[in-house]
Structure formats: C-alpha cells, structure tokens
Amino acid sequence: MALLKIVYHPHPVLRQQAVPVTVFDDDLKKLLADMYETMYDANGVGLAAPQVAIGKQIAVIDVSEKNNEPFCIINPQIIESRGNELMSAGCLSVPNTHDKVPRATYVKVRAQNENGEFFEIEGNGLLGHCLQHEIDHLNGILYIDHLSPLKRRMQLKKMAKFLKER
Ligand SMILES: [Zn+2]
C-alpha cells in the first residue's frame with residue numbers, strides 16, 4: 001500500500017466530472033487500498049478519487065469512531081433524498097477550513113462495490129452528509145461552492161494562509 005498525494009483547490013481535476021468505472025480488477029482494488037490508507041493517514045472520514053488526482057467515480061468512506069467500518073462507493077447515484085439541514089463541513093482538498101453547508105437530512109445512494117456489484121446505502125447525520133460530500137466531488141463540486149461568496153472568500157483566505165505557513 002502507498003500514501004497518495006492529496007491535491008488542493010484550485011487543482012483542475014477537482015473540477016472535472018469524474019468518469020464511470022467499467023473495469024473492476026486488481027488495479028482498482030490496489031487503488032482502493034491506497035485510498036483507505038491515505039484517508040486514515042489524513043484523519044478524514046471520506047476521500048474521493050479526484051482528490052488524489054484520479055478523475056474516476058470512486059470514493060471511500062469511514063465515519064465510524066474506531067476507523068473500522070470502511071466501504072467504497074463506485075459510480076454512485078443519489079436515488080432518494082429528504083429534508084434539509086445545515087451541517088458542519090471541511091475538506092482535505094480545502095485544508096484548514098470549516099463552515100456550515102445546507103445538506104439533505106437523509107439520502108439513499110445506489111452504487112457499485114469493488115467487485116462491480118450494485119448495493120444501496122442510506123444514511124443521515126454524518127454518514128448522509130459524507131455521502132453527499134463525496135458524490136459532490138465526483139461531479140466537480142467542492143463544499144465551498146455551497147457557501148455565500150463572502151464566506152467562500154474567508155475560507156479560501158484561511159486555506160492560503162495555512163498553506164503558506166506550512
Ligand atoms: Zn472533500
């Protein structure tokens with residue numbers, strides 16, 4: 001396994017529509033293993049392939065407290081959503097920033113697993129939020145896009161300061 005390099009806004013791959021996965025082979029499983037390792041290393045609860053400069057519809061998630069419930073969503077689609085709430089958000093590709101964004105309270109997602117098998121997952125709270133955040137990534141959307149222009153500028157200033165002082 002290997003740690004992958006996380007790219008930051010405004011890297012162009014973060015803005016592309018990710019392409020669907022059609023081959024479920026050993027290379028995909030190796031990429032997933034590297035993505036899990038990279039997500040845990042960065043203390044993230046989710047990581048989408050565009051964040052490691054791979055423009056494919058793949059994301060890994062683990063919202064458990066003990067980091068022992070990882071799963072991946074490949075070619076995911078939100079097939080049902082309900083409600084609306086403000087949820088605290090941050091992103092490994094917009095480091096050192098946090099703000100509240102409007103999200104659906106509940107979502108149901110249909111996706112494929114590492115073997116190409118379809119499954120459905122539903123969630124609210126942190127899991128529901130994380131599913132929406134990662135699927136946004138696969139559509140070239142960042143959480144800061146859901147903020148007002150003023151708030152977005154404030155967060156991007158915080159990120160620039162952080163990256164400069166690192
Ligand atoms: Zn993110």
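Is His-9 buried or exposed? His-9 is buried, because its relative accessible area is 17%, and buried here means under 20%, with exposed over 50% and partly exposed in between (1.4 Å probe, protein chains only). This is a predicted model, in which local features need pLDDT of at least 70, side-chain atom pairs count only at pLDDT 80 or more, and totals for chains, interfaces and linings use all residues. Residues are numbered from 1 along each chain as its sequence is written, and side-chain values use heavy atoms, with hydrogens and water left out.

His-9 lies in the segment before helix H1 (26–41). Helices (H or I, at least four residues) and strands (E, at least two) are DSSP runs, numbered from the N terminus. Leaving out residues up to four places away in sequence, His-9 touches Leu-14, Arg-15, Ser-93, Val-94, Leu-142, Ile-144, Leu-156 and Met-159. Contact means heavy atoms within 4.5 Å.

Now the metal. Cys-91 (SG), His-133 (NE2) and His-137 (NE2) coordinate the zinc ion at 2.0 to 2.3 Å. Donors are N, O and S atoms within 2.8 Å of the metal (3.2 Å for Na, K and Ca); water is not among the atoms, so sites may look incomplete. The donor spacing in sequence is C-x41-H-x3-H. Cys-91 sits in the loop between strand E4 (85–89) and strand E5 (99–103), while His-137 belongs to helix H2 (residues 125–138), 46 residues apart. Both Cys-91 and His-137 are buried.

E4 and E5 pair in the antiparallel sense over five bridges; pairing requires at least two DSSP bridges between two strands. Ser-88 stands opposite Lys-100 in E5. Lys-100 and Pro-102 form the uncovered face of E5, and Asp-99, Val-101 and Arg-103 the covered one.

What of the interior? A nonpolar core is a set of buried Ala, Val, Leu, Ile, Met, Phe, Trp, Tyr and Cys residues joined through side-chain atoms within 4.5 Å. The largest has 16 residues, and Ile-61, Phe-71, Ile-73, Val-109, Ile-121, Leu-127 and Leu-131 have the most contacts inside it. Strand E2 (58–61), strand E3 (71–82), strand E6 (106–112) and H2 each give two or more residues. H2 gives the most, with five. Beyond its neighbours within four places in sequence, Val-109 contacts residues including Ile-78, Phe-119, Leu-131 and Ile-135. Another core, of 15 residues, lies apart, with Leu-31, Met-35, Val-60 and Ile-74 among them.
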